[in-house]
Amino acid sequence: MNLLKGRHKKNLTTSILVLIAVILFALLVVVKLKDEQVKPSVQTAIQNTDIVDGIHQPTGLKDGEGLMTVVTHCTACHSAQLVIQNRMNRERWNATIRWMQETQNLWDLGDNQEVIVNYLVKNYPVSVKGRREKLENIEWYELTIN
Ligand code: HEC
């Protein structure tokens, strides 16, 4: 009888310990979850509100990789409209930049030039092609006269 009582007591202590452990664990999970819920809302508060519908409001430039580099280097002397109105390929953008450097005191852009030109070619590509592309790798067939 004594033995049974003792075992019963032991079981009860174990149960209580397990219960405490479960409660502590649950508390830990709740605290951790709360912590994670707070973090993203803080991040959204810091998010750039200058971009509305994919357009950078202060300049009118399209949102994209390299946007802020373009804003920094290409809106210092003239409006971004001058940039937006012009659609060029990579070669001509580089030539325009070289022209501004040679005649308009545009500074050396260093590694940023590639970032800027990549942005321009991606977001403001040449929309209308003038002449058709040069024909290449054509298999000509012989005209035969019957
Ligand atoms: C140091 C001043 C300066 C900076 C910085 C500058 N530009 Fe210019 N840009 C000019 C001037 C001056 C003109 C001529 C404006 C005019 O004709 O009214 C010009 C003209 C242009 C034109 C029109 C060219 C044409 O053929 O009509 C484009 C496009 C242009 N810039 C793009 C850019 C881009 C892209 C950048 C960033 C890499 C940039 N600009 C940075 C001074 C600058």
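1. Confidence by element. Within the chain, helix α1 (residues 2-46) has the lowest confidence, with a mean of 70, whereas helix α5 (residues 112-123) has the highest, at 97. The score in question is pLDDT, the predictor's confidence in each residue on a scale from 0 to 100. Helices here are DSSP runs of H or I with at least four residues, strands are runs of E with at least two, and both are numbered from the N terminus.

2. Basis of the model. This is a predicted model, in which local features need pLDDT of at least 70, side-chain atom pairs count only at pLDDT 80 or more, and totals for chains, interfaces and linings use all residues. Residues are numbered from 1 along each chain as its sequence is written.

3. The average pLDDT of the chain is 84, and 81% of the residues score at least 70. A contact requires the C-beta atoms of two residues, placed from the backbone, to lie within 7 Å.

4. Fold. Five helices and three strands make up the secondary structure of the chain, and their pattern along the sequence is α-β-β-β-α-α-α-α. Of the contacts with a separation of 6 or more, 53% join residues 24 or more positions apart. Buried residues account for 7% of the 146 residues in the chain. A residue counts as buried with 20 or more other C-beta atoms within 10 Å of its own, exposed with 12 or fewer, and partly exposed in between, the C-beta atoms being placed from the backbone.

5. Sheet. The three strands form an open, antiparallel sheet in the order β1-β2-β3. Because β1 (51-52) and β3 (61-62) each have a single partner strand, they stand at the edges, and one side of each is left without a neighbour in the sheet. Strands are taken as paired if DSSP finds at least two bridges between them. β1 pairs with β2 (residues 55-56) in the antiparallel sense over two bridges, and isoleucine 51 stands opposite histidine 56 in β2.

6. The loop between β1 and β2. Aspartate 53 lies in this loop. The phi of aspartate 53 is positive, near 50°, in a residue other than glycine. Aspartate 53 counts as exposed because it has 6 C-beta neighbours inside 10 Å.

7. Ligand site. Which residues are closest to the ligand? They are Cys74, Cys77, Asn86, Gln104 and Leu106, in a shell of 15 residues; a residue belongs to the shell if its C-beta atom, placed from the backbone, lies within 6 Å of the molecule. At least two shell residues come from each of α2 (67-74), α3 (80-85) and α4 (90-103), and α4 gives the most, with three. The shell comprises nine nonpolar, six polar and no charged residues. In this division Ala, Val, Leu, Ile, Met, Phe, Trp, Tyr, Cys and Pro are nonpolar, Asp, Glu, Lys and Arg are charged, and the others, Gly among them, are polar.

8. α4 has 14 residues and reaches 20 Å from its first C-alpha to its last, close to the expected 20 Å at 1.5 Å a residue; the expected span is 1.5 Å times one less than the number of residues. Asparagine 105 follows α4, with a positive phi near 65°. Asparagine 105 is in the loop between α4 and α5 and is exposed, with 8 other C-beta atoms within 10 Å. Aspartate 108, found in the loop between α4 and α5, is exposed as well, with 7 such atoms within 10 Å.

9. Glycine 64, in the loop between β3 and α2, touches Tyr119, Lys122 and Asn123, leaving aside residues up to four places away in sequence. The C-alpha atoms of glycine 64 and lysine 122 are separated by 8.7 Å, although the two residues are 58 apart along the chain. Leucine 67 in helix α2 touches His56, Leu61 and Tyr119, with the exclusion of residues up to four places away in sequence. Leucine 67 is partly exposed, with 19 C-beta neighbours inside 10 Å.
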